[in-house]
Amino acid sequence: MALTGQVTGVQPPRDPLPIVPEAGSPALVLTDPFLGPFSVTEPSRLALTPLLDGRIQRQEWDALGLAGGQSPVAFQWQPGALFAAGVVPMGQDSVWSFDLNGDGWLVGDDNLQVRVSLVNGQPRVTTSRLDGTGRDGPLWTSAELVEAGALVAGGPISGTAEAIQRSFEWSATPPVGAPAAIGLMADAASPTPAAWVFEARILPVNLVAVREGKSIGVRADLIPANAEPKAAFIPRPTSLVSLRLERNQGMPAGLDWEPSYEVRQVMPGRRVDTRLSFKNPTDVPLQRLALWTDGLGNPFTKSVEMPFPAFDRKKRATVTYSSEVSLGASLGWRVLRGLVTTDDGGLIQLFSSYEVAPLVSLSVALPNDLNVIPESRIVRGQISVKSNSRYRVDGQITITVPPSWTAVKGNAKGFSIYSRYGTARVGLELIAPQRASGLIPITVTAKMGSEISEQTVYLPIKG
Ligand SMILES: [Ca+2]
Ligand SMILES: [Ca+2]
């Protein structure tokens, strides 16, 4: 299935801002889908890169909860991007509310609504921003740059109820009621699909930096496909989640663990080495340990299972998960999963994110607060080229910009990284055309012999 999101520097004309003047209507308050609590299965959200192909595969997504009490939704992240997925009953839209700074839905101008609708069999993303900073109360404003950067895939469901249910097998505790709800929505015998599915990427480029440790308020709701957006002043209780690289579930009091890596980035063809350190001062009786890489990384890595090693006199034990990530593995954040059984039948789950990465990881620091101006101008940034190799890396950078833009510095620039896992920095200077606005894609390519790494970053310019 093709990706339907678009990333261009040119913005389509926008609908009027969604404001519904139904101040204080009791009926509105009683029926508002955004008013009830939204509970999450797990507040620690892992770095995990999905494949946006419209098919929810097993362990590709991390279940978050139930939208509207019935629609299973999933939520995860990687540096710079948020990912959301869901199974939605026909005739409904999936509406996500992100309080990106976690300070309250009506507080600040960081509140982002992402609405996913099914239009002609294809999911479509529309976004609005709720600005709570106004003197006269909260207002809906445009989030067109986020909308321009959104990618979404999906469509009516064609799997069996069991297949869909298995896809969401991830959290130790699935959302209560999820299997029954999915069963109702995806009846394999039904001639017409009763539900549709979507997988979406959201880049809050000019709103917040998505990185480890960030706390975000989130909720997901269902509203009828033709329903108007709600009044700006209505509060939305969100659940606070935290973007993490690690988490555990079922950990008994007293037991502690910590994963460590020399580097968290591993190239296909090389080994991932994760050292898991355990502290067990209260002698919780641990029986066996299994380790594997979940989901999309599973076919390319090793699974191991062993008796839990003995603890030393300091009540410490260490286990190393060492596996080749075979050639052909897709790039992205993957999750190493551990399962520890205890003598009394308890299950402890361990999760640690690592990245299957190219020879060099590219990132670009760019201004994120530009407004449109009538004149042409110079935009400066800096490219970081981080080696994921122990050996010296030499290469050349190429910059690809939209027509009418020019890269005057940084293009065709050579670099050398001498130290293991070192970083080279290359200055970037672009000439923007007059009145440039929107989300400007800038593609940085590093060529190192026959190896190529490529990264597209987005420069936001408010129109
Ligand atoms: Ca997928
Ligand atoms: Ca807020």
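I started with Ser404, which sits in the loop between strand 25 (393–400) and strand 26. Strands here are DSSP runs of E, at least two residues long, and helices are runs of H or I of at least four, all numbered from the N terminus.

Housekeeping: this is a predicted model, so I note that local features need pLDDT of at least 70, side-chain atom pairs count only at pLDDT 80 or more, and totals for chains, interfaces and linings use all residues. Residues are numbered from 1 along each chain as its sequence is written, while chains are lettered from A and ligands numbered from 1 in the order in which they are written.

Ser404 is not a glycine, yet has a positive phi of about 80°. Most residues other than glycine have a negative phi. Is Ser404 buried or exposed? It counts as exposed because it has 12 C-beta neighbours inside 10 Å. (The rule: buried means 20 or more other C-beta atoms within 10 Å of its own, exposed means 12 or fewer, partly exposed is in between, and C-beta atoms are placed from the backbone.)

I found a positive phi at Asp283 too, about 55°, and that isn't a glycine either. Asp283 belongs to the loop between strand 16 (271–279) and strand 17 (286–293). With 10 C-beta neighbours inside 10 Å, Asp283 counts as exposed.

**Strand 28.** Next I walked along residues 423–432 and saw the side chains alternate.

Which strands pair with it? Strand 24 (residues 377–387) does, antiparallel, over ten bridges, with Arg380 opposite Glu429. Strand 26 (residues 406–409) also pairs antiparallel, over three bridges, and Thr406 has Ile431 as its bridge partner. (Pairing takes at least two DSSP bridges between the strands.)

**Confidence.** I checked pLDDT, the predictor's confidence in each residue from 0 to 100. The protein chain averages 87, and 86% of the residues score at least 70. The lowest mean is 43, in helix 1 (residues 26–31), and the highest is 98, in strand 12 (residues 239–244). Where pLDDT is low, the predicted coordinates should not be read in detail.
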